[in-house]
Every structure is written in C-alpha cells, then in structure tokens.
Amino acid sequence: MNLNERISKVIEYSKLTSSEFADEIDVQRSSISHITSGRNKPSLEFIIKIKSRFPEIMWDWLINGEGEMLKSDEPEESTEEDSGEKIKPTPLPDLFTLIGDDNFGVTESEDSTQKYIPREADILAKDKAEEKITDSQRLEPISEQLINQAIDNQGNKIKRIVLFFENGKFESFEP
C-alpha cells in the first residue's frame, strides 16, 4: 500500500468527507484530491498535520506502511524468561506527572540532605522589591551637559519632519 492509499485510509478512518478532512487538518481542499488521486505526493508538513490531528495513528504505518494503523490501548506486557511470569513495564514519569508530586522524585533521605535552592521566580520577586522607588528618595541631578544641550537647541527651528512607513511610502511636513 503506497502513501497516497494510506492517506485515503486515514480519511476513511476519520469518517469525514475529503473537504471536511482538508478543513480539519488545515490544508487546501484541492491538495487532498491531488494526493488521493496519486497526482501529487504529500509533503512532510502535510503528514505532520495529519499526525498532530490524529495522534492515535502510528508513525511507522503512516510513513512506511509497517505495523498497525492505530496505537493499541493496552500497554505491552513483557515476559520474563526465567519464571515465565508476565510483568507490566512501569511507566516512566514525565514532566507533567512530576508537577503534582511535592517531592519531584526525591526520596525522604535525599530530601533532608538537599539544601534549598531559590527558584528564578523567588529571585525576580526579591529584585523587583529592591528596585521599588519610594517618594522619599531623591532623583539624580540633571547633568550640566544635558542642560547646555537643551539651551543650545532652543535657537534651532524645525525645517521639515519626514515620516517613513513600513510599506515604503513617506510623508513630509513643513511648519
């Protein structure tokens, strides 16, 4: 079965019309008909859009036509050669399962020996509190150079103001 036929099977699996399927994965409707007819081959972006919308479809099947179309719902069981018992693999924790856990995978003995390391949020909050200006603080004195520059500019008059826009146009204003 070639890639175009597998995409046709995905469309059948989705129980959508070709135009509804195109709208669902956010591609042009004509691209669906060109791919299913065999005129064009799907791009990687096209396949990624299918996979992101239908995560239950197996990559190996979609790309190479190997294996089953859909992921199985049951976790795989491995057998132990010596005893013949079936052992379910323990799932590895991911980032999101660790968020709800207060210990973050640290045992009690490890927890008592670890020192508290401040998080970035704690450091930022402390810095912002120090930066807060109170009414009783004096402002920095204006430098003499800035005062002289302001006095020098008082004698200058504006001749023309030109505004440049992003689209390449400009406007000129004269007082």
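In this predicted model, arginine 53 is partly exposed, because its relative accessibility is 35%. Arginine 53 forms a salt bridge with glutamate 24, and the closest N and O atoms are 2.4 Å apart. Since arginine 53 belongs to helix α4 and glutamate 24 to helix α2, the pair ties together parts that are 29 residues apart in sequence. Glutamate 24 is likewise partly exposed, at 36% relative accessibility.

**Overall architecture**

The protein chain contains 9 helices and 4 strands. Read from the N terminus, its elements follow the order α-α-α-α-α-β-β-α-α-α-α-β-β. The chain has 175 residues, of which 14% count as buried. Among contacts with a separation of 6 or more, 34% involve residues 24 or more positions apart.

**Salt bridges**

Side chains of opposite charge can pair when their charged atoms come close. The count of salt bridges in this model is 3. They are set out below.

| Pair | N to O distance |
|---|---|
| Arginine 53 and glutamate 24 | 2.4 Å |
| Aspartate 23 and arginine 29 | 2.7 Å |
| Lysine 49 and glutamate 45 | 3.8 Å |

Aspartate 23 is partly exposed, with a relative accessible area of 45%, whereas arginine 29 counts as exposed at 51%. Lysine 49 and glutamate 45 are 4 residues apart in helix α4, so about one helical turn separates them. Of this pair, lysine 49 is partly exposed at 22% relative accessibility, while glutamate 45 is exposed at 53%.

A polar atom of the lysine 51 side chain does, however, lie 2.4 Å from the backbone oxygen of isoleucine 57. Apart from neighbours within four places in sequence, lysine 51 is in contact with Ile57, Met58, Trp59 and Lys71.

Aspartate 60 belongs to helix α5, residues 59-64. Its relative accessible area of 44% makes aspartate 60 partly exposed. When neighbours within four places in sequence are set aside, aspartate 60 is in contact with Gly65 and Glu66.

**Positive phi in two loops**

Most residues other than glycine have a negative phi. Lysine 15, which is not a glycine, has a positive phi of about 60 degrees. Lysine 15 is situated in the loop between α1 (3-14) and α2 (18-25), and it is exposed, with a relative accessible area of 76%. Aspartate 26 also has a positive phi, near 65 degrees. Aspartate 26 is placed in the loop between α2 and α3 (29-36), and its relative accessibility of 59% counts as exposed.

**A nonpolar surface patch**

Which residues make the nonpolar surface patch of about 470 Å²? The patch is formed by Ile158, Ile161, Leu163, Phe165 and Phe173. One of these residues, isoleucine 158, lies in the loop between α9 (144-154) and β3 (161-164). Isoleucine 158 counts as exposed, because its relative accessibility is 60%.

How values were computed:
Residues numbered from 1 in each chain as written. Predicted model: local features only at pLDDT ≥ 70, side-chain atom pairs only at ≥ 80, totals over all residues. Heavy atoms only, no water. Patch = residues over 30% accessible without salt bridge, like charges linked within 9 Å, V, L, I, M, F, W, Y side chains within 5 Å. Areas by Shrake-Rupley, 256 points an atom, 1.4 Å probe, with all protein chains shown as cover. Salt bridge = Lys/Arg side-chain N within 4 Å of Asp/Glu carboxyl O. Buried < 20%, exposed > 50% of the residue type's maximum accessible area, 1.4 Å probe, protein only. Polar contact = N/O pair within 3.5 Å; in protein donor to acceptor, adjacent residues only side chain to side chain. Contact = heavy atoms within 4.5 Å.
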